[in-house]
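Please keep the sequence and the 3D view at hand.

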Amino acid sequence: MTAPGKPPIVAPGHTPGSVTDQISSIVLTRMPRWWWAAFGASFALVMMLLYALTKLVFEGTGIWGLNIPVGWGFAIINFVWWIGIGHAGTLISAILLLLRQEWRTSINRFAEAMTLFAVACAGLFPLIHVGRPWLAYWLLPYPNTMDIWPQFRSPLVWDVFAVTTYATVSLLFWYVGLVPDLATLRDRARQRLAKITYGFLSMGWRGSATHWHNYETAYLLLAGLATPLVVSVHTVVSFDFAVGQLPGWHATIFPPYFVAGAIFAGFAMVITLAVPLRTLFDLKDFITIRHLQNMGKVMLATGLIVAYGYVIEIFMAWYSGNWFEEFMILNRIQGPYRMQWYALLLCNVLAPQLLWIKRVRSTPALLFVVAMFVNVGMWLERFVIVVTSLHRDFLPSSWGMYAGTRWDWAIFVGSIGLFLALLFLFIRFLPMISIFEMRTIVPKTQAREPDEVSP
Amino acid sequence: MVEVTVDDRSLELPVWILPGHADGSMTIHLGYGRTRTGRVGSGSGFDAYRLRTSRAPWHVAGARIRKIAKHYELASTQLHSNIGLAPGPNEEPGFGVEGVEAERRHLVRVGTLEHFRQEPDFAQHMGHTPPEGLSMYPPWDFPGYAWGLSIDLGACTGCNACVVACQSENNIPIVGKEMVAMGREMHWIRIDRYFEGELEHPHVHHQPVMCMHCEQAPCEVVCPVGATVHSSEGLNDMVYNRCVGTRYCSNNCPYKVRRFNFFKYNDTETPVLELLRNPDVTVRTRGVMEKCTYCVQRINHARIEAEKEERQIRDGEIQTACQQVCPTEAIVFGDVNDPESKVSDAKAKPLAYDILAELGTRPRTSYLAKLRNPNSTLEES
């Protein structure tokens, strides 16, 4: 339903049939040439990632720039960055579903996919960042002959639970949402292999009333399950820092500040992907300016919370009267990593202010630029939190400096490659917009022009 | 680098400008430099004997020095800039942020004899120790032995013997210059160096720092696999076999005394090197954390002997490696539950203090503040 003056969530003139045709044709026809080039490039990055990981396992964590005092670096920064990005999908799918925000429909599918792939990238880093990755399963509570359990007071163990739960629920939610569309693809596919695969994955969906009833119930329940996870995962991730006693980590503001940051980063990534995709696949009818505007608003709101977090950190350093805290902030502002801090403020605080302007929110190119600033800014935020806090802590005699090596960068860039490669495969093989949900909103968008509704 | 020329002989050397060195002079450490030492040592060091003759074996006058356009990387376990204690109202710019911070945090505590006479426990007033029992957990009892260590800063001369002794006792790998330059030295005990006063003639203080064996150890709560745990005698134990190498413990250690095997530093393949090692100490592999154990192998050895003779471990029976070699007996180790022990005696002194006690870590390693008795006329000149 479109309020007067608001752009519609589906362009006028669509029928349920045309929606199905347009979205499923992306999957069922040959991919354009640029897809092969883009997939090839990201696949090459995945190969680089594999090479770097092999070297890491054979030689050791020392190939990275880590040292004492900076025991955590790129791996943890990347982990938090990816897991943050992986927040938008569930937020869009679950919370906006429960809030009955219909505009979410055309972006939820690929936002969920993006969430899954981002969580996959994120999940890689805790595994590889440990000194002996082949023993990382010791963080799981499993019965063993030595009767040893993980140390449950450690936030890293909480992390294992939070991230695995999140990954599982996100996967289920995404898959359950896909089932009716997989059936559509099964019915429309011409090749035998495609028919069998989609048929297998659609689990015998025939679109009966019982099916729909069960589906709606399951989807709603999963949405209810996923909703607390949106808040809990990044809260637990923030505990990795907040539970430590390091100045710059040990702050009670961290959980809400991290959750807001995650949604901020997640929406930035959704915009980063949505803007080019809607042009390349001609989906402007489904991902409209209205969607972009709404996402811009969410980004602005969460960006302001993040900015508030920065201000509170500085205020608390002064208000606590704790000299270590105070020094930590002064070191951020004046220390050797001050440029990263200023860049962070530029990207995360100043750039999103452009979103107050409606013209920026409704111009895809400008929105894309702001989102790119936020993507970079959120990475820098984690760099500032992890590295700037560690490199100068309590004893000046142990202060040090940190810089990523080429292997740090190879693994970081490689993980972006992995993310993109998975995303391109998703676009190729699955409908990136939920077909049946789009069909349900088509009649509503056209309610005012009854003459144009097709028979 | 610079070129030093004496008569017709010259030598290219790196220089390190230190506070307090006499103006117009330089100290060159004697040595031949290494040209053929194989993979480890070739090309390291400089042949200082090229400047030395039998006519002037120790001091050479009339040396000329010229800056040349070459660079040579020096690896140091201390910061490259100077850690100093700010000299008070007229702050010297040369000490940098490290110095200002070190002073503010009262890590090394120094007083004059006069000050001590007026206020014997001045060192304890320089920091804030939170009272016991603030923790939400009930306090832990140490009914048997409770190991502790005390270091007298007044006695420490910074000779490094403890560092070397610890290295050979505990099979600590030597990691080489590149690793040290990256901040990956493995020493379990280090000596922090502080300058106090003006840059031209500072006082130098040394502070050996090893694992504090905190009673409320920040490293233990964050380890996800329980690889660092507390023993019933108050030792903070590392379980190497259990360590997966998250490095969280090191991040959360305010003293930064933990050391990580970023690579496989120990050569376990060469048979002859087995003879090099202390058989009582585990050789650590790649990817695990390690740190000072208070020479737990010596404690256990003494315990076995005492149990055989059905008696308590006597005070002084256990000497840690660092204590054993300390030429000034600055380090005292023993049972803090025994009120008669030397370490209890040291910890009861008014000069005793803990570093970073305000964090509530309750370290078992404590320090005795340094006392100076300056000659007032010399001090003023």
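Over which residues of chain A does pLDDT stay under 50? The stretch is residues 449-455 of chain A, and the model has three contacts beyond four places in sequence for these residues. This is a predicted model, and confidence in chain A as a whole has a mean pLDDT of 87, with 95% of its residues at 70 or more. Among the features of chain A, helix 2 (residues 33-59) has the highest confidence, at a mean of 94, and helix 16 (residues 435-445) the lowest, at 74.

Next comes the interface. Chain A contributes 52 residues to the contact and chain B contributes 55 residues. About 4500 Å² is buried between chain B and chain A, and carbon and sulfur atoms give 57% of that area. On the chain B side, Arg105(B), Tyr248(B) and Arg286(B) supply 16% of the area that chain B buries against chain A, more than any other three residues.

Polar interactions can be taken in turn. One salt bridge is counted between chain B and chain A: the side chain of Lys256(B) meets that of Asp393(A), at 2.8 Å from N to O. Polar contacts across the interface come to 34 residue pairs, with both residues at pLDDT 80 or more.

Which elements of chain B give two or more residues to the side that touches chain A? They are helix 2 (96-104), helix 7 (218-222) and helix 8 (248-252), together with strand 7 (190-196) and strand 11 (259-260). Helix 2 of chain B provides the largest share, five residues. By type, the residues on this side of chain B are 27 nonpolar, 13 polar and 15 charged.

Definitions and conventions: Residues are numbered from 1 along each chain as its sequence is written. Chains are lettered from A and ligands numbered from 1 in the order in which they are written. Side-chain values use heavy atoms; hydrogens and water are left out. pLDDT is the predictor's confidence in each residue, from 0 to 100. Helices (H or I, at least four residues) and strands (E, at least two) are DSSP runs, numbered from the N terminus. Contact means heavy atoms within 4.5 Å. Buried area is the accessible area (1.4 Å probe) that two parts lose on being put together, summed over both. A salt bridge is a side-chain nitrogen of Lys or Arg within 4 Å of a carboxyl oxygen of Asp or Glu. A polar contact is a pair of N or O atoms within 3.5 Å; within protein, one must be able to donate a hydrogen and the other to accept it, and residues adjacent in sequence count only if both atoms are side-chain atoms. Ala, Val, Leu, Ile, Met, Phe, Trp, Tyr, Cys and Pro count as nonpolar, Asp, Glu, Lys and Arg as charged, and the others, Gly among them, as polar.
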